[in-house]
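I opened this notebook to keep track of what I looked up, one entry at a time. The entries go from the whole chain down to single residues.

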Amino acid sequence: MAVALLAAAGCSRGGSEESGATGGGGGSGDFGDLKSICHSGKPSSAPAQGVTASEIKLGVFSDIGFTKNPEFVDAAKVFTSWCNDNGGVAGRKLSYTVHDAKLLEVRQRMVEACRDDFALVGGGAAFDGLGVKDRLNCLLPEFPAQVVSAANAGSDLQVGGGGTASQMDIYTGSHSWLFKEAYPDSAAAIGVITGDIPATKSMLSGYQESLPAEGATLVYGDLYPAAGVTDWTPYAQAIKSKGVKGLIFLGNYVDLPKLEDVLTGMDYHLDWIDANSNAYNAGFLKLLGNSATAQHNYADISGTAPLESDLPAITQLKQLYAKYAPGSEPTYPAVRAFAEWALFAKSAASCGDALTRKCLYDAATKESAWTGGGLVAPQDFTTKAAVQKCFNVEMVTPQGWQPAPFKPDTGPYRCDMTPYVYKQDLGKPLTLEAIGKSLNDLK
C-alpha cells in the first residue's frame, strides 16, 4: 500500500483539477445489489458547504503530478457520470475536483479541499498523513479508496479505506495460508524486503513481531532504496544464502520482477512470493517474463472482488467503464474507489434535502455489512473496533492473475481470519480529540 496509484483529468485551477461529470445516457440507478443509490429528486436548499439545490462538490485526492496514474480519476468520472445520468444523489448532480498532491503537496491541496468541498471521496495520496490535521480541523469527512500513513489510517471522520493496518496485521490470513497450508515447509524460512520509506519500514517492524507470533521464522529482513536499484544481485544472493523459502515484498511492483529475474537466473526458486496488492495488474505480468512460471507470485487483495471474476458487480462495473471511460479498464484500486463512491451516494441520498456533513457521516457509520453492491467483502463501519475477517488471494498463472486455492468460504472470500494485533506502537490515527474537537462540532 506504499505507492499511491492515483490520477487526474480536466482543467487546472490552483493546483487542483475540476470536473463536472454529466454523462450522456439513462438507465437504472441500481448498482450490484444496491437499489436506486442514484435517483432524481427536488432538493431546494443549500444546507452545507459545497451543497446547493442542484450540485454537490466533492474532492478526489491524487498524486497525478508524480504517478501519472488515472485509476482514481477514472473511477470518479465513471461513477459521477453514471450517477448524474440517473438523477444524481436525490436530485443533486455530483461534481468533483481532483486535488493533485504531487506526492509532497498534501497540505496545500487539503487547504483547498477544506475551502471548497463537501467531502472527499474515492482518492488517496502516498503521504496522506500530512493532511489529516487540516482535514479534521475543517471537519471534512473522507471516504478514501486507499490509506497509507498511520496518522491517516482509521482517523476520525473517515469511513472505509481499510484503516486498521497500523494497529494489526491485516495480512494474517493470507500469510498463514501460505506458510501453514499451501507451503508448510516455508514457515521456517520467511524473508521480508521493503522499500526504504516510512510506511513500509513500519510494516517490516510489524512483521518482525507478527510473523513469529503466527508460527513463522523470519530469517531475512532488508531495505532497498525506494528510488530504485541498479543491481539486484546482492539482494538475491542474500535471499539465497539465508535459504529463504517465502518472500514478502513491500514496494513498487516494477522493482520486484527485476529481483525475480536475478533469482531465476541463479536457479533459485522460492516456494512463494507475496508480491503485494500493488502488483495485481496487467503491467506486473508483462514485466515478469520467465519468472511468471519460474517463481510463484501471490497477492492478498484484502476482500476485494477479483477483476477477472464474473460477479455481477464486476460485470456491471466493466460495462460502466466501457460506456463512460472507453479505453480505460477498472483496476484493483479503482474497484475499492468505486465502492467508496457508492457508500457516499447511498449515505448522502438518505439525507434528502437536508444534506449535511453530520447526516452524511451518521448514515455511513450505520453500515454494518457494507459490500459496495458486491465489490468488497462485508465491512462494518459502525465501530472503529471492527476487525477485518475476510481475505482473498490471487496468484499468477499462465492465464494471468487468478484466484489461488485458499479455500474461500463466503463467496470469493475466506472469512475466518483473526488479524494479529501489534503489541508495539507503530503509530496511531489522528483523532478529533487530539486537536481539541469532537463529533459534536460536526454540523
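What follows are my notes on the chain as a whole, then on a few of its parts.

**Entry 1, the whole chain.** I noted at the outset that this is a predicted model. I looked up the secondary structure and found that the protein chain has 13 helices and 15 strands. For the overall extent, I read that the C-alpha atoms fill a box of roughly 70 × 45 × 40 Å, taken along the principal axes. I then checked the radius of gyration, which is 21 Å for the protein chain, and this agrees with the value near 22 Å that a compact globule of 443 residues would have.

I looked up how much of the chain is covered, and 57% of the 443 residues count as buried. The accessible surface of the protein chain comes to about 16,800 Å², and carbon and sulfur atoms account for 53% of that area. I also looked at contacts between residues at least 6 apart in sequence, and of these 74% join residues at least 24 apart.

I went through helix 8, residues 256–265, and found it mostly covered, with seven of its ten residues buried. The buried residues are L256, P257, L259, E260, V262, L263 and T264. I wrote down as well that D267 follows helix 8 and has a positive phi, near 60°.

Which side chain does the side chain of N297 meet in a polar contact? I found that the partner is the side chain of E260, at 3.0 Å, and E260 is one of the buried residues of helix 8. N297 itself sits in strand 12, residues 297–300, and counts as buried because its relative accessibility is 1%, where the limit is under 20%. Leaving aside neighbours within four places in sequence, I listed the contacts of N297 as L256, E260, I273, A275, F284, L288, S291, E394, M395, V396 and W401.

I placed V106 in helix 3, residues 106–116, and at 1% relative accessibility V106 counts as buried. Apart from neighbours within four places in sequence, V106 is in contact with F61, A101, A125, F127, D128, L130 and G131. Two of these names, F127 and L130, came up again when I looked at the surface, where they form a nonpolar patch with L104 that has about 280 Å² of accessible area together. L130 lies in the loop between strand 5 (119–121) and helix 4 (132–137), and I noted that L130 is partly exposed, with a relative accessible area of 42%. For a separation through space, I looked up V106 and G191, which are 85 residues apart in sequence and 33 Å apart, C-alpha to C-alpha.

I next looked up E142 and R135, whose side chains meet in a salt bridge at 3.4 Å, N to O. E142 counts as buried at 10% relative accessibility, and R135 is buried too, with a relative accessible area of 1%.

The last pair I checked was D196 with K201, a salt bridge in which the closest N and O atoms are 3.4 Å apart. Here D196 is partly exposed, with a relative accessible area of 40%, and K201 is partly exposed as well, at 37%.

How values were computed: Residues numbered from 1 in each chain as written. Predicted model: local features only at pLDDT ≥ 70, side-chain atom pairs only at ≥ 80, totals over all residues. Heavy atoms only, no water. Patch = residues over 30% accessible without salt bridge, like charges linked within 9 Å, V, L, I, M, F, W, Y side chains within 5 Å. Areas by Shrake-Rupley, 256 points an atom, 1.4 Å probe, with all protein chains shown as cover. Salt bridge = Lys/Arg side-chain N within 4 Å of Asp/Glu carboxyl O. Helix = DSSP H or I, 4+ residues; strand = E, 2+ residues; numbered from the N terminus. Buried < 20%, exposed > 50% of the residue type's maximum accessible area, 1.4 Å probe, protein only. Polar contact = N/O pair within 3.5 Å; in protein donor to acceptor, adjacent residues only side chain to side chain. Contact = heavy atoms within 4.5 Å. Rg over C-alpha atoms; globule rule 2.2 N^0.38 Å.
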